[in-house]
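Subject: The structure, plus some notes

Hi,

Here is the structure I promised to pass on. Have a look around it first, then read my notes below.

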Amino acid sequence: MTKEEISVKELNSITDYIIVDIRDEIAFEYGSIDDAVNIPQKDIMNSLSLLDKSKLIVVMCKSGIISGTVAEQLRELGYNAVNLKEGYYGYMLQNLAEDFNRAKEIERSINKKFHKEIWSRFTAAINDYELLQEGDKIAVCISGGKDSMLMAKLFQELKRHNKYPFEVVYLVMDPGYSPENREIIERNAKMLGIPITVFETNIFESVLHIEKSPCYICARMRRGYLYSKAKELGCNKIALGHHFDDVIETTLMGMLYGGQVQAMLPKLHSTNFEGMELIRPMYLIQEKDIKHWRDYNGLHFLQCACKFTDTCTSCNPDNASKRQETKRLIESLEKTNPQIKNNIFRSIHNVNLDTLIAYKTGGEKHTFLEKI
């Protein structure tokens, strides 16, 4: 075969090939084509022994940009390599074109197969942390990833049970997505039966030329726009999709990299938008169960829809590497203590102020010396 590239549609019509996903491990773990082999771009030339010259090698990245160059390098070394020209995003769009009638099956999986791991923990967080009251109007904020999409389905299910009246708006902010990213979000929402409300901002353009901490500033701006739009729509709360693993990883990252003990709260009042509150109803749901739900239902979601990551680079690589380092640390500790995650989580619910050297409350610092 002498072709330099192949489309997703053509891929579905052939057999006996190997898909090599050259994105980083984080992106691959988040989602890839079934049976793909992950060899990150930086490792490809040191991993040639893993590739079979007798088979067609389909090289894949996020958008089909970098993978074209890698496929060419492999052809120069004698491999029958082609580029998947639409990349993983093209694969997602192809799948979504065929899957618009599956919302009911996915809803049943939440109620049945994942009732204990997901549904029960969702309702437990709402009850334990008093996240929802009668008469609330909640903006469920959807980024397009697995966490926020599952959260939207959980709120739909909660509305059906409707113990008391509350309203929900499924809010998607477009900060300047590429057309492909926005299409994937909209198609996933349609397939899942989520009636999204989309509004547009120019945040990506605003942070384009910021050199210092652009991702932090982008995140702060997105939060502000979400609060503002939610309030405009008559909401008094915004719901974000942070989960159990986010909570414990953020706690450890604060200690290891920030020199402070600080937890991610399940709810907090906005200091800039009067009467508005942020809630995290996925607080008790573990990421492995979210991934299991995603994979069980054959779903594919965006990892990062940032306009500036379309060439397969990772968004905010420094913070991402710190989070991955923390994930690996927790995984290694779990090998000898399977309860390590639960213990970290319980620790932020069981702080003994009498044993601390110093602490802050209401912005004011106190030390143990005040009690001596």
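Below is what turned up, going from the sheet to the cores and then to some helices. Keep in mind that this is a predicted model.

**The sheet**

Start with the open sheet of six strands, which runs in the order S8-S7-S6-S9-S11-S10 and has mixed pairing. Strand S8 (196-200) and strand S10 (267-269) are the edge strands; each has a single partner, so one side of each is left without a neighbour in the sheet. On average, neighbouring strands here are turned by 25° against each other, ignoring direction.

**The cores**

If you colour the nonpolar residues, which ones have the most contacts inside the largest core? They are Leu 154, Phe 155, Ile 238 and Trp 293, in a core of 89 residues. Helix H7 (residues 146-161) gives the largest share of this core, seven residues. As a general background point, nonpolar side chains tend to be buried together in soluble globular proteins.

Another core lies apart from the largest one; it has 14 residues, including Ile 22, Leu 51, Val 59 and Ala 81.

**H7 and its surroundings**

The axes of H7 and H8 (residues 179-192) come within 11 Å and cross at roughly 30°. Angles under 35 degrees count as roughly parallel, and H7 and H8 are therefore roughly parallel to each other. H7 passes H8 in a right-handed crossing. On the H7 side, Met 149, Lys 153 and Gln 156 make the contact, and on the H8 side Ile 185, Asn 188, Ala 189 and Leu 192 do.

Leaving out residues up to four places away in sequence, Gln 156 touches Glu 107, Tyr 170, Leu 192, Gly 193, Ile 194 and Pro 195.

Glu 107 belongs to helix H5 (residues 103-111). Glu 107 is buried too, with a relative accessible area of 10%. Apart from neighbours within four places in sequence, Glu 107 is in contact with Lys 153, Gln 156, Glu 157, Arg 160 and Leu 192.

**A few more places to look**

- Helix H4 (residues 87-96) is mostly covered, with eight of its 10 residues buried. Helix H1, strands S4 and S5, and H8 are among the elements covering those buried residues.
- Helix H11 (residues 244-258) and helix H14 (residues 340-347) have axes that come within 10 Å and cross at roughly 70°. That makes H11 roughly perpendicular to H14.
- Strands S12 (residues 358-361) and S13 (residues 364-367) run antiparallel and are joined by four bridges. They form a hairpin with two residues between them, and Gly 362 in the turn has a positive phi of about 60°.

Terms used. Residues are numbered from 1 along each chain as its sequence is written. This is a predicted model: local features need pLDDT of at least 70, side-chain atom pairs count only at pLDDT 80 or more; totals for chains, interfaces and linings use all residues. Side-chain values use heavy atoms; hydrogens and water are left out. A nonpolar core is a set of buried Ala, Val, Leu, Ile, Met, Phe, Trp, Tyr and Cys residues joined through side-chain atoms within 4.5 Å. Buried means under 20% relative accessible area, exposed over 50%, partly exposed in between (1.4 Å probe, protein chains only). Two strands pair if DSSP finds at least two bridges between them. Axes are lines fitted to C-alpha atoms, for helices over the stretch in contact, and angles run from 0 to 180 degrees between N-to-C directions. Angles under 35 degrees count as roughly parallel, over 145 as roughly antiparallel, 65 to 115 as roughly perpendicular and the rest as oblique. A crossing is left-handed if the near helix is turned anticlockwise from the far one by less than a right angle, and right-handed if clockwise. Contact means heavy atoms within 4.5 Å.
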